[in-house]
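Student: I have a model open and want to go through it by questions. Where shall we start?

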Amino acid sequence: MKPVVLHACCGPCLLEPLDALRADGFEPLVVYANPNIHPLAEYERRRDVLAEYAAGAEVPVVEVPYDPVLWLEATAGLWRDPAERCRACWRLRLTLAACVAVERGVGTLATTLTVSPYQDAQALDEVAREVCESAGLAYVGRDFRSRYQEAVRRSKELGMYRQNYCGCMLSEVVAARTRAERASRKAQANRG
(Lines give C-alpha, C1' and ligand atoms only; values in the text may rest on other atoms or scores of the structure.)
Protein backbone atom coordinates (compact mmCIF):
# COMPACT_ATOMS: atom_id res chain seq x y z
CA MET A 1 0.00 0.00 0.00
CA LYS A 2 1.24 3.48 -0.93
CA PRO A 3 0.93 6.17 1.75
CA VAL A 4 -1.16 9.26 1.03
CA VAL A 5 -2.17 12.18 3.21
CA LEU A 6 -5.92 12.55 2.87
CA HIS A 7 -7.26 15.94 3.89
CA ALA A 8 -10.74 15.37 5.36
CA CYS A 9 -13.43 17.84 6.31
CA CYS A 10 -15.84 15.53 8.15
CA GLY A 11 -16.84 11.91 8.74
CA PRO A 12 -19.55 11.60 6.07
CA CYS A 13 -17.20 12.95 3.40
CA LEU A 14 -14.46 10.53 4.50
CA LEU A 15 -16.45 7.35 3.84
CA GLU A 16 -16.27 6.93 0.08
CA PRO A 17 -12.88 8.57 -0.62
CA LEU A 18 -11.25 6.37 2.03
CA ASP A 19 -12.67 3.21 0.47
CA ALA A 20 -11.82 4.32 -3.06
CA LEU A 21 -8.23 5.22 -2.21
CA ARG A 22 -7.70 1.95 -0.37
CA ALA A 23 -9.12 0.08 -3.38
CA ASP A 24 -6.55 1.93 -5.53
CA GLY A 25 -3.70 0.71 -3.34
CA PHE A 26 -3.29 3.73 -1.05
CA GLU A 27 -3.14 3.72 2.73
CA PRO A 28 -4.36 7.11 3.92
CA LEU A 29 -3.20 9.17 6.84
CA VAL A 30 -6.20 11.41 7.45
CA VAL A 31 -5.44 15.04 8.24
CA TYR A 32 -8.16 17.14 9.84
CA ALA A 33 -7.08 20.69 8.95
CA ASN A 34 -10.17 22.89 8.94
CA PRO A 35 -9.72 26.33 10.52
CA ASN A 36 -12.65 27.50 8.40
CA ILE A 37 -15.26 25.64 10.43
CA HIS A 38 -17.36 27.88 12.63
CA PRO A 39 -18.22 27.89 15.47
CA LEU A 40 -15.78 25.89 17.61
CA ALA A 41 -18.55 23.50 18.73
CA GLU A 42 -19.25 22.66 15.07
CA TYR A 43 -15.54 22.12 14.43
CA GLU A 44 -15.31 19.74 17.40
CA ARG A 45 -18.47 17.86 16.46
CA ARG A 46 -17.24 17.23 12.91
CA ARG A 47 -13.79 16.27 14.22
CA ASP A 48 -15.22 13.82 16.75
CA VAL A 49 -17.49 12.10 14.20
CA LEU A 50 -14.55 11.78 11.80
CA ALA A 51 -12.23 10.45 14.53
CA GLU A 52 -14.78 7.88 15.69
CA TYR A 53 -15.28 6.52 12.17
CA ALA A 54 -11.54 6.58 11.43
CA ALA A 55 -10.79 4.58 14.57
CA GLY A 56 -13.25 1.89 13.49
CA ALA A 57 -11.78 1.90 9.98
CA GLU A 58 -8.27 1.64 11.45
CA VAL A 59 -6.99 4.77 9.76
CA PRO A 60 -4.83 7.23 11.70
CA VAL A 61 -5.89 10.87 12.04
CA VAL A 62 -3.70 13.92 12.59
CA GLU A 63 -5.48 17.05 13.76
CA VAL A 64 -3.91 20.37 12.84
CA PRO A 65 -4.62 22.72 15.77
CA TYR A 66 -7.73 24.84 15.30
CA ASP A 67 -6.88 28.44 14.47
CA PRO A 68 -9.75 30.31 12.81
CA VAL A 69 -7.60 33.44 12.55
CA LEU A 70 -5.70 31.64 9.77
CA TRP A 71 -8.95 31.36 7.82
CA LEU A 72 -9.87 34.99 8.47
CA GLU A 73 -6.46 36.12 7.22
CA ALA A 74 -6.55 33.81 4.17
CA THR A 75 -9.99 35.01 3.10
CA ALA A 76 -9.73 38.68 4.10
CA GLY A 77 -11.21 40.90 1.40
CA LEU A 78 -12.84 37.93 -0.36
CA TRP A 79 -15.96 37.58 1.75
CA ARG A 80 -18.29 38.92 -0.96
CA ASP A 81 -16.67 36.77 -3.66
CA PRO A 82 -17.62 33.16 -2.86
CA ALA A 83 -15.59 31.61 -5.68
CA GLU A 84 -12.36 33.32 -4.65
CA ARG A 85 -13.09 32.89 -0.95
CA CYS A 86 -13.50 29.14 -1.45
CA ARG A 87 -10.26 28.96 -3.46
CA ALA A 88 -8.41 30.75 -0.64
CA CYS A 89 -10.02 28.46 1.93
CA TRP A 90 -9.08 25.29 0.02
CA ARG A 91 -5.56 26.61 -0.50
CA LEU A 92 -5.14 27.19 3.24
CA ARG A 93 -6.52 23.82 4.30
CA LEU A 94 -4.63 21.84 1.68
CA THR A 95 -1.42 23.72 2.50
CA LEU A 96 -1.82 22.74 6.15
CA ALA A 97 -2.33 19.11 5.10
CA ALA A 98 0.66 19.33 2.72
CA CYS A 99 2.83 20.49 5.62
CA VAL A 100 1.86 17.33 7.52
CA ALA A 101 2.69 15.25 4.45
CA VAL A 102 6.13 16.84 4.15
CA GLU A 103 6.78 16.48 7.91
CA ARG A 104 5.81 12.81 7.79
CA GLY A 105 7.70 12.05 4.58
CA VAL A 106 4.54 11.20 2.64
CA GLY A 107 4.90 12.24 -0.99
CA THR A 108 1.24 12.32 -2.01
CA LEU A 109 -1.86 14.30 -1.07
CA ALA A 110 -5.58 13.80 -1.71
CA THR A 111 -8.74 15.42 -0.35
CA THR A 112 -12.27 14.39 0.52
CA LEU A 113 -13.54 17.80 -0.63
CA THR A 114 -14.02 16.36 -4.11
CA VAL A 115 -16.91 14.16 -2.93
CA SER A 116 -19.22 17.16 -2.58
CA PRO A 117 -21.32 18.15 -5.59
CA TYR A 118 -21.50 21.62 -4.01
CA GLN A 119 -17.79 22.33 -4.61
CA ASP A 120 -16.36 23.61 -7.89
CA ALA A 121 -14.41 20.45 -8.78
CA GLN A 122 -12.30 22.09 -11.48
CA ALA A 123 -11.28 25.02 -9.29
CA LEU A 124 -10.57 22.68 -6.38
CA ASP A 125 -8.41 20.50 -8.62
CA GLU A 126 -6.43 23.55 -9.78
CA VAL A 127 -5.82 24.73 -6.21
CA ALA A 128 -4.81 21.24 -5.05
CA ARG A 129 -2.34 20.86 -7.91
CA GLU A 130 -0.81 24.29 -7.14
CA VAL A 131 -0.44 23.43 -3.45
CA CYS A 132 1.12 20.06 -4.22
CA GLU A 133 3.52 21.53 -6.76
CA SER A 134 4.65 24.16 -4.23
CA ALA A 135 5.18 21.49 -1.55
CA GLY A 136 6.89 19.00 -3.86
CA LEU A 137 4.06 16.48 -3.54
CA ALA A 138 2.14 14.43 -6.06
CA TYR A 139 -1.58 15.16 -6.11
CA VAL A 140 -3.80 12.12 -6.11
CA GLY A 141 -6.64 13.89 -7.88
CA ARG A 142 -9.87 11.99 -7.69
CA ASP A 143 -13.35 13.26 -8.44
CA PHE A 144 -15.49 11.42 -5.92
CA ARG A 145 -18.76 13.23 -6.74
CA SER A 146 -20.25 10.10 -8.33
CA ARG A 147 -19.96 8.49 -4.89
CA TYR A 148 -21.74 11.31 -3.04
CA GLN A 149 -25.16 9.65 -2.83
CA GLU A 150 -23.59 6.48 -1.47
CA ALA A 151 -21.73 8.55 1.12
CA VAL A 152 -25.04 10.16 2.13
CA ARG A 153 -26.75 6.77 2.38
CA ARG A 154 -23.94 5.21 4.40
CA SER A 155 -23.57 8.17 6.76
CA LYS A 156 -27.30 8.08 7.51
CA GLU A 157 -27.16 4.32 8.03
CA LEU A 158 -24.24 4.81 10.45
CA GLY A 159 -26.12 7.58 12.30
CA MET A 160 -23.38 10.11 11.60
CA TYR A 161 -23.93 13.77 12.25
CA ARG A 162 -24.43 15.46 8.86
CA GLN A 163 -23.92 19.20 8.76
CA ASN A 164 -26.09 21.45 6.60
CA TYR A 165 -23.45 23.99 5.56
CA CYS A 166 -19.90 23.90 4.26
CA GLY A 167 -18.31 25.05 7.47
CA CYS A 168 -17.40 28.73 7.41
CA MET A 169 -19.57 31.38 9.02
CA LEU A 170 -20.47 32.79 5.62
CA SER A 171 -21.60 29.44 4.24
CA GLU A 172 -23.73 28.99 7.35
CA VAL A 173 -25.51 32.29 6.66
CA VAL A 174 -26.00 31.48 2.96
CA ALA A 175 -27.28 27.97 3.75
CA ALA A 176 -29.75 29.31 6.34
CA ARG A 177 -30.98 31.92 3.86
CA THR A 178 -31.38 29.29 1.13
CA ARG A 179 -33.34 26.98 3.48
CA ALA A 180 -35.62 29.87 4.51
CA GLU A 181 -36.26 30.84 0.88
CA ARG A 182 -37.02 27.23 -0.03
CA ALA A 183 -39.44 26.92 2.90
CA SER A 184 -41.13 30.18 1.91
CA ARG A 185 -41.59 29.03 -1.71
CA LYS A 186 -42.95 25.70 -0.52
CA ALA A 187 -45.39 27.43 1.85
CA GLN A 188 -46.56 29.75 -0.95
CA ALA A 189 -47.01 26.79 -3.33
CA ASN A 190 -49.08 24.95 -0.70
CA ARG A 191 -51.30 28.02 -0.24
CA GLY A 192 -51.81 28.70 -3.89
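Student: Is Ala-8 buried or exposed?

Tutor: First, the ground rules: this is a predicted model, where local features need pLDDT of at least 70, side-chain atom pairs count only at pLDDT 80 or more, and totals for chains, interfaces and linings use all residues. Residues are numbered from 1 along each chain as its sequence is written, and side-chain values use heavy atoms, without hydrogens and water. Buried means under 20% relative accessible area, exposed over 50%, partly exposed in between (1.4 Å probe, protein chains only). Ala-8 has 0% relative accessibility, so Ala-8 is buried.

Student: Which elements does the loop holding Ala-8 lie between?

Tutor: Helices (H or I, at least four residues) and strands (E, at least two) are DSSP runs, numbered from the N terminus. The loop with Ala-8 lies between strand S1 (2–7) and helix H1 (11–23).

Student: Which residues is Ala-8 in contact with, leaving aside neighbours within four places in sequence?

Tutor: Contact means heavy atoms within 4.5 Å. With those neighbours left aside, the partners of Ala-8 are Leu-14, Val-30, Val-31, Tyr-32, Ala-33, Asn-34, Leu-50 and Thr-112.

Student: What is the strand order in the open sheet of five strands?

Tutor: Two strands pair if DSSP finds at least two bridges between them. S1 and S4 run parallel, joined by three bridges. S4 (residues 108–111) and S5 are also parallel, with two bridges. The order is S3-S2-S1-S4-S5.

Student: Which strands are the edge strands?

Tutor: An edge strand here pairs on one side only. That picks out strand S3 (61–63) and strand S5 (138–139).

Student: What is the bridge partner of Thr-108 in S5?

Tutor: Thr-108 and Ala-110 point one way from S4, Leu-109 and Thr-111 the other, and all are buried. Leu-109 stands opposite Tyr-139 in S5. The partner of Thr-108 in S5 is Ala-138.

Student: How many residues line the largest pocket?

Tutor: On a 1 Å grid over the protein atoms alone, a pocket is an open set of points where a 1.4 Å probe fits, with protein on both sides within 12 Å along at least five of seven lines; lining residues have an atom within 4 Å of a point. Tyr-118, Asn-164, Tyr-165, Cys-166 and Ser-171 lie nearest the centre of the largest pocket. H1, helix H4 (82–104), helix H6 (148–157) and helix H7 (169–191) each give two or more residues to its lining. The lining count is 43 residues.
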